[in-house]
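User: I have a chain open on screen and would like to talk through how it is put together. Could we begin with the aromatic side chains?

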Amino acid sequence: MLSLHFLFDSLMTDRSDGPIGRLPEHLLVEIFIHVPVCEWVQIACVNKQWASIFQGDSLWQTAIARNWPSAGLRKRWPGPIPRGSARR
């Protein structure tokens, strides 16, 4: 079984012209969520495509859903009370 650090090292050395660079975005997201969050900054610096993945919502939503499955089940906060509708 490959370690995450070996995979991370191979991701860091393969640029967009290598086989890793040709992977679709959803597969890259699946790989990145297995890397510790503290290393995401280094990965985002590899190339512009990967930086855009880390700036988008897809990776973050996938990571949150994977790490905290019940987070999506909670009732969302409805927002602030509009003016004039609060009773005193």
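User: Which residues do ring pairs link into a cluster?

Analyst: Please note that this is a predicted model. In it, ring pairs join Phe32, Trp40, Trp50, Phe54 and Trp60 into a cluster. Across the whole structure, the search finds four aromatic pairs. One of them is formed by Trp40 and Trp60, whose ring centres are 5.0 Å apart and whose planes stand at 70°, so this pair is edge-to-face.

User: Where in the chain do those two tryptophans sit?

Analyst: Trp40 belongs to helix H3 and Trp60 to helix H5, which spans residues 57-67. The two are 20 residues apart, and their pair links distant parts of the chain.

User: And Trp40, is that buried or exposed?

Analyst: Trp40 counts as buried, because its relative accessibility is 5% and the cut-off for buried is under 20%. Trp60 has a relative accessibility of 39% and counts as partly exposed.

User: Let us step back. What does the secondary structure come to?

Analyst: The protein chain has five helices and zero strands. Read from the N terminus, the order of elements is α-α-α-α-α.

User: What share of the residues is buried?

Analyst: Of the 88 residues in the protein chain, 25% are buried. The chain exposes about 7,100 Å², and carbon and sulfur atoms supply 59% of that area.

User: Now H4. Which of its residues are buried?

Analyst: Helix H4 covers residues 48-55, and its buried residues are Trp50, Ile53 and Phe54. They lie on the same side of H4, because they cover an arc of only 95° around the axis. In general, an α-helix has 3.6 residues a turn, so residues three or four places apart point the same way. Two of these buried residues, Trp50 and Phe54, are also among the members of the aromatic cluster.

User: What does the face turned away from the buried side carry?

Analyst: That face of H4 carries the exposed residues Lys48 and Gln55.

User: What happens at the start of H4?

Analyst: There, a side-chain oxygen of Asn47 comes to within 3.2 Å of the backbone nitrogen of Gln49. A polar atom of the Asn47 side chain also lies 2.8 Å from the backbone nitrogen of Trp50. Asn47 itself is placed in the loop between helix H3 (40-44) and H4. Its relative accessible area is 17%, so Asn47 is buried.

User: How about H2, which residues are buried there?

Analyst: In helix H2, residues 25-32, the buried ones are Leu28, Val29, Ile31 and Phe32. Their arc around the axis is only 160°, which puts them on the same side of H2. Phe32 is also one of the residues in the aromatic cluster.

User: Changing topic: how many salt bridges does the count come to?

Analyst: The count comes to one salt bridge. The side chains of Arg66 and Glu30 meet in it, at 3.0 Å from N to O. Arg66 lies in helix H5 and Glu30 in helix H2, so the pair ties together parts that are 36 residues apart in sequence.

User: What is the relative accessible area of Arg66?

Analyst: The value for Arg66 is 42%, so this residue is partly exposed. Glu30 is also partly exposed, with a relative accessible area of 33%.

Notes
Residues numbered from 1 in each chain as written. Predicted model: local features only at pLDDT ≥ 70, side-chain atom pairs only at ≥ 80, totals over all residues. Heavy atoms only, no water. Buried < 20%, exposed > 50% of the residue type's maximum accessible area, 1.4 Å probe, protein only. Helix = DSSP H or I, 4+ residues; strand = E, 2+ residues; numbered from the N terminus. Arc of directions from axis to C-beta. Polar contact = N/O pair within 3.5 Å; in protein donor to acceptor, adjacent residues only side chain to side chain. Areas by Shrake-Rupley, 256 points an atom, 1.4 Å probe, with all protein chains shown as cover. Phe/Tyr/Trp six-rings, centres within 6.5 Å; stacked < 30°, edge-to-face > 60°. Salt bridge = Lys/Arg side-chain N within 4 Å of Asp/Glu carboxyl O.
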